[in-house]
Number of protein chains: 2
Amino acid sequence: MAGKYNVCLDIGGTKVLGVIFNEKGEIIHRLKKRTKENGDDTANIEQIIISTVKEMLEEAKLKKSDINAISAGAPGVSDSASGIVLFTPNLPWRNYDIRTPIEEKFGAKFYIGNDVNLGVLGEYKYGIAQGYNNVVGVFPGTGMGGGIIVNGKLYTGTGFKAGEIGHMVLDPEGPLCGCGQRGCFESFSSKKGMSAYIMQQVSRGRESYLSDKIENGVFRSKYLKKALKMNDKVAVEAVDRACHYMAVATGSLINIFSPDLIVYGGGIMESCGDIFLEKILDEVDKYCMPSIRPTVELKCASLGDDSVIYGALAMITEAD
Amino acid sequence: MAGKYNVCLDIGGTKVLGVIFNEKGEIIHRLKKRTKENGDDTANIEQIIISTVKEMLEEAKLKKSDINAISAGAPGVSDSASGIVLFTPNLPWRNYDIRTPIEEKFGAKFYIGNDVNLGVLGEYKYGIAQGYNNVVGVFPGTGMGGGIIVNGKLYTGTGFKAGEIGHMVLDPEGPLCGCGQRGCFESFSSKKGMSAYIMQQVSRGRESYLSDKIENGVFRSKYLKKALKMNDKVAVEAVDRACHYMAVATGSLINIFSPDLIVYGGGIMESCGDIFLEKILDEVDKYCMPSIRPTVELKCASLGDDSVIYGALAMITEAD
């Protein structure tokens, strides 16, 4: 017989966040671990997941048999039916069956899905998007992720690849994006996009508090918040530009989906959501059809760093 | 007891197309009528629908009691559950209950939906999109319409307003669109958009076969076909530009939906579909994620002018 605790993970390029939920859906334990990036040694990353779960079980004084299921969100494309990670942008996984070793190790069901998809699902099941029916999630982070709820269900498209809103082209002559195209939403409104703008301005001799805070092409959200508080001119410009394109993209998404909610999530929104949302609301009416605008609300996510974790929980409860 | 014939209508701004289907789904009668635009005299347009149905019944030697149901596609936004036309861009209907008078007149169920939505549904149930699961329809005409099939169902969004892909902003500095915004997909790739480009070039002293063929801001598709055959330079430029933005928009739609099919329909595609599709295929890989591209096909619609009619039939058969 399966146990009653659900172990949920948010697997990032540099960290694993894990929690244990009891049968009431309450978090009874929490762990955050940094992972090492080890070239193509997938077994090691699998090991980090396994060790994270084991560590949590020990700390929470639980046994394997106490687990009902394990569920994880990861960047990239996962076949949630088979548990195979098809592609990840920052982790060295290609067509990798992550389910089998985890299920064998713990004797419990294992689920996996795209992290931002699950973030939106988490907000839909447990957060700000509860009670809405058609939801588009816009999650700026290092890149720009998206998630879509259609008629109350997570929409993953053909091959679990839907929701790549970060690569909508918003300006064919815009800045070069990591994907090779110009003017993608991500190239303006993600941390990478904002950081590139800031570094460009710094290279022109302008000063910014963030100039020495950009590592591997991105700043940390808490520093952006601080820069905005200081009224750092270059940072304000980067945010204004990011929010302008957030409004453009939001307008197009409203026109396409006629959703009842657009939810903004991810690290930047957790730190600076109020500032971003105000700027987006200021401009969005220019970019969506006036007939559609009245039936859609724009809100910031409410679960913060835990939205993916809650989406992972939703995968378990929907399957149970 | 209801009859066994289904009467399906495609109600346009200037014409009504009607057909009668027998119980096997075969077309046994067909009628095309021009409508007059009469300011806000909605009763008259309702009368045109009623007279079209009556005329078809007479010609086909059928009685009211032979009708199973009547179904119509119209531009704009209709609440298909209540049969209320909420908004139409070219017809003078606002929150207009079209269902009650038609049902009273003929003693048969009446259904109504957005014409392009139904065009995509028609292709999905009876045309080229059969067997696909996630389909996005791109229908350039006077404007630019769209329709979305998600997990095998027509997606209409909150308030039946989804699918306004024509107003995705593809270039914030682009030409002014009828909606008041700049650089909408429609402003480049619809007949209005292409006609505006052609007239602009003509006003600069260039010659085009289409210069005297543009009425009320649009040309007829058959003239565009002829111009392309003649290798009319201005027309070719307009089409190249239209197809470039078709590729940009298609790329974004692929990234958002990861559909298994993009279907191009409407009058332009019926006349010049092969030419357009070749140009779009030439460029689309630049604008969609390489990981998503392999699982999506791009095709022209197969039902031509009848796609809306077949979508109207699908509304009846799905409700039955």
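Analyst: A polar contact is a pair of N or O atoms within 3.5 Å. This structure is a predicted model.

User: How many residue pairs are in polar contact between chain A and chain B?

Analyst: The count is 22 residue pairs, with both residues at pLDDT 80 or more. Strand S10 (144–150) and helix H7 (233–257) of chain A each supply at least two residues of the side that touches chain B. H7(A) gives the largest share of that side, 7 residues. By type, the side of chain A that touches chain B divides into 19 nonpolar, 12 polar and 5 charged residues.

User: How many residues does each chain bring to the contact, and what area is buried between them?

Analyst: Chain A brings 36 residues and chain B brings 36 residues. The buried area is about 3200 Å². Carbon and sulfur atoms give 60% of that area.

User: How many salt bridges are there between chain A and chain B?

Analyst: The count between these chains is 0. Over all chains, the whole structure has 30 salt bridges.

User: What makes the pair of A:Arg30 and A:Asp306 a salt bridge?

Analyst: The cut-off is 4 Å from a Lys or Arg side-chain nitrogen to an Asp or Glu carboxyl oxygen. Here the N to O distance is 2.7 Å. The pair therefore meets the cut-off.

User: Which parts of chain A does the pair of A:Arg30 and A:Asp306 tie together?

Analyst: A:Arg30 lies in strand S3 (residues 27–34). A:Asp306 sits in the loop between strand S13 (297–300) and helix H9 (307–319), so the pair links parts 276 residues apart in sequence.

User: How do H7 and H8 of chain B cross, and what is the hand of the crossing?

Analyst: The axes of H7(B) (residues 233–257) and H8(B) (residues 267–283) come within 9 Å. They cross at roughly 60 degrees. The crossing of H7(B) and H8(B) is right-handed.

User: Which residues make the contact of H7(B) with H8(B)?

Analyst: H7(B) contributes residues including B:Val239, B:Cys243, B:Met246 and B:Thr250. From H8(B) come B:Met269, B:Phe276, B:Lys279, B:Ile280 and B:Glu283. The residues of this helix contact divide into 8 nonpolar, 2 polar and 3 charged.

Technical notes. Residues numbered from 1 in each chain as written. Chains lettered and ligands numbered in written order. Predicted model: local features only at pLDDT ≥ 70, side-chain atom pairs only at ≥ 80, totals over all residues. Heavy atoms only, no water. Contact = heavy atoms within 4.5 Å. Buried area = accessible area lost by both parts, 1.4 Å probe. Polar contact = N/O pair within 3.5 Å; in protein donor to acceptor, adjacent residues only side chain to side chain. Helix = DSSP H or I, 4+ residues; strand = E, 2+ residues; numbered from the N terminus. Nonpolar A, V, L, I, M, F, W, Y, C, P; charged D, E, K, R; others polar. Axes fitted to C-alpha atoms, helices over the stretch in contact; angles between N-to-C directions. Left-handed = near helix turned anticlockwise from the far one by under 90°.
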